[in-house]
Amino acid sequence: MTPTPLIARVIVALLVASGGCACAAPARIALKAQAESATRVLRLGDIAEVSCADAAAAQALATLVVGQLGSAAAPSRFERAELARYAARHLPPGVAGVEWSGADAVSVQLRTVRIEPDRLVARAAADLRAHLQANYTDVEVLPAGRIEALRLPAGELALATHLAAAGALQPNRHMRVDVDLLIDGERLRTVPLWFDVRAHADGWTVVKDLPAGHVLTPDDVARARVDVAALNGAAPPSAELVGLRLRRTLHAGTALSAAALEDTPLVARGDDVTLELRSGGVVVESRATALGDGRAGQEVRVRVTGSETLRGRVIGAGRLAL
């Protein structure tokens with residue numbers, strides 16, 4: 001029985017829909033010797049010329065994933081024989097077979113794009129400034145040094161900065177921000193960036209030159225707006241200052257930091273002290289000169305007479321027990 005024209009058309013449509021080969025001849029693949037890929041995922045069309053009488057089949061072959069690229073710095077190599085075996089196992093519908101030609105192997109370089117450093121610097125500076133402005137005023141963040149432009153694989157670029165938790169980041173004159181560079185969600189590189197910083201807060205300054213070891217009085221200090229970053233990580237003092245002792249010499253106008261202060265010892269080097277010797281209910285006292293600083297419970301060497309020295313334990317202001 002000869003099929004009618006309508007039945008013949010239906011049979012042809014069913015054959016096409018079911019994946020019957022639409023190629024008049026096998027697909028042809030000509031492998032390149034060298035190629036570039038915009039992404040790490042490598043497709044056949046990136047490394048070869050693909051042709052087939054069926055345009056849809058040719059497109060399916062060209063988009064067939066055949067590998068994954070490694071580092072952007074070094075090209076990846078793919079052998080034609082290996083590619084042919086892989087493609088034969090993954091032929092799309094409409095392809096009856098493949099004729100290979102071209103190079104025996106292809107060297108594939110990951111295509112890169114230029115990343116301008118200004119973008120990284122601007123993002124890092126903005127994040128650092130916003131972080132500091134939560135606790136300080138008159139914040140300045142200026143780039144320190146220069147970095148060269150970067151080259152990264154093509155893709156969607158995202159930046160992520162690393163800062164300390166809010167409120168825990170103490171300003172310093174020089175501060176570093178690490179910037180992660182992500183391409184299509186994958187972190188490829190971290191770039192450290194340095195900034196010169198100024199950040200102000202209420203603090204104290206000394207109103208005159210003061211030597212190391214000086215015990216502060218109300219006339220020595222004044223409230224002021226100070227550049228906390230200039231203290232290089234040392235927090236401004238928050239407790240009562242009067243009666244504290246300077247660890248080092250400070251010049252007039254210098255901002256006070258907690259690191260520059262210490263509790264005044266009960267016994268200071270050079271002080272005339274009282275030595276106390278107890279025996280039963282008898283207490284014998286004598287005079288001596290302290291040869292070092294001492295706080296409650298600490299031992300201090302003292303000179304008694306001439307060159308004779310002893311060690312005593314600090315039990316009070318200017319008093320030591322033998």
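This is a predicted model: local features need pLDDT of at least 70, side-chain atom pairs count only at pLDDT 80 or more; totals for chains, interfaces and linings use all residues.
User: Which strands form the closed barrel here, and what is the pairing?

Analyst: Residues are numbered from 1 along each chain as its sequence is written, and side-chain values use heavy atoms, leaving out hydrogens and water. Strands pair if DSSP finds at least two bridges between them. The barrel has five strands in the order 18-19-20-21-22, and its pairing is mixed. On average, neighbouring strands of this sheet are turned by 50 degrees against each other, with direction ignored (axes are lines fitted to C-alpha atoms, for helices over the stretch in contact; angles run from 0 to 180 degrees between N-to-C directions).

User: In what sense do strand 20 and strand 21 pair?

Analyst: Antiparallel: five bridges link strand 20, residues 299-303, with strand 21, residues 309-316. Arg 301 sits opposite Arg 311 of strand 21. Across the protein there are 22 strands along with five helices (DSSP runs of E, at least two residues, or H or I, at least four, numbered from the N terminus).

User: How do I read the faces of strand 2: which residues are covered and which are uncovered?

Analyst: In strand 2, residues 34-37, Ala 35 and Ser 37 make the covered face, while Gln 34 and Glu 36 make the uncovered one. Strand 2 runs parallel to strand 8, residues 105-110, and four bridges join them.

User: Why does Ser 37 count as buried?

Analyst: Buried means under 20% relative accessible area, exposed over 50%, and partly exposed in between (1.4 Å probe, protein chains only). Ser 37 counts as buried because its relative accessibility is 2%. Its side chain reaches the backbone oxygen of Thr 39 at 2.6 Å. Leaving aside residues up to four places away in sequence, Ser 37 touches Leu 42, Asp 46, Leu 69, Val 108, Gln 109, Leu 110 and Arg 111 (contact is heavy atoms within 4.5 Å).

User: Which residues touch the most other members in the largest nonpolar core?

Analyst: A nonpolar core is a set of buried Ala, Val, Leu, Ile, Met, Phe, Trp, Tyr and Cys residues joined through side-chain atoms within 4.5 Å. The largest one has 31 residues, and Leu 120, Leu 128, Val 179, Leu 181, Leu 193 and Phe 195 touch the most other members. Two or more residues each come from helix 5 (117-133), strand 10 (137-143), strand 11 (150-153), strand 12 (157-162), strand 13 (174-183) and strand 14 (186-206). There is also a second, separate core of 22 residues, with Val 66 and Val 106 among them.

User: What is the phi of Asp 138, and where is Asp 184 found?

Analyst: Most residues other than glycine have a negative phi. Asp 138, in strand 10, has a positive phi of about 50 degrees. Asp 184 also has a positive phi, near 50 degrees, and is found in the loop between strand 13 and strand 14. Asp 138 is exposed because its relative accessible area is 54%, and Asp 184 counts as exposed because its relative accessibility is 53%.

User: What share of the 322 residues is buried?

Analyst: Buried residues make up 36%. As for contacts with a separation of 6 or more, 58% join residues 24 or more positions apart.

Methods: A polar contact is a pair of N or O atoms within 3.5 Å; within protein, one must be able to donate a hydrogen and the other to accept it, and residues adjacent in sequence count only if both atoms are side-chain atoms.
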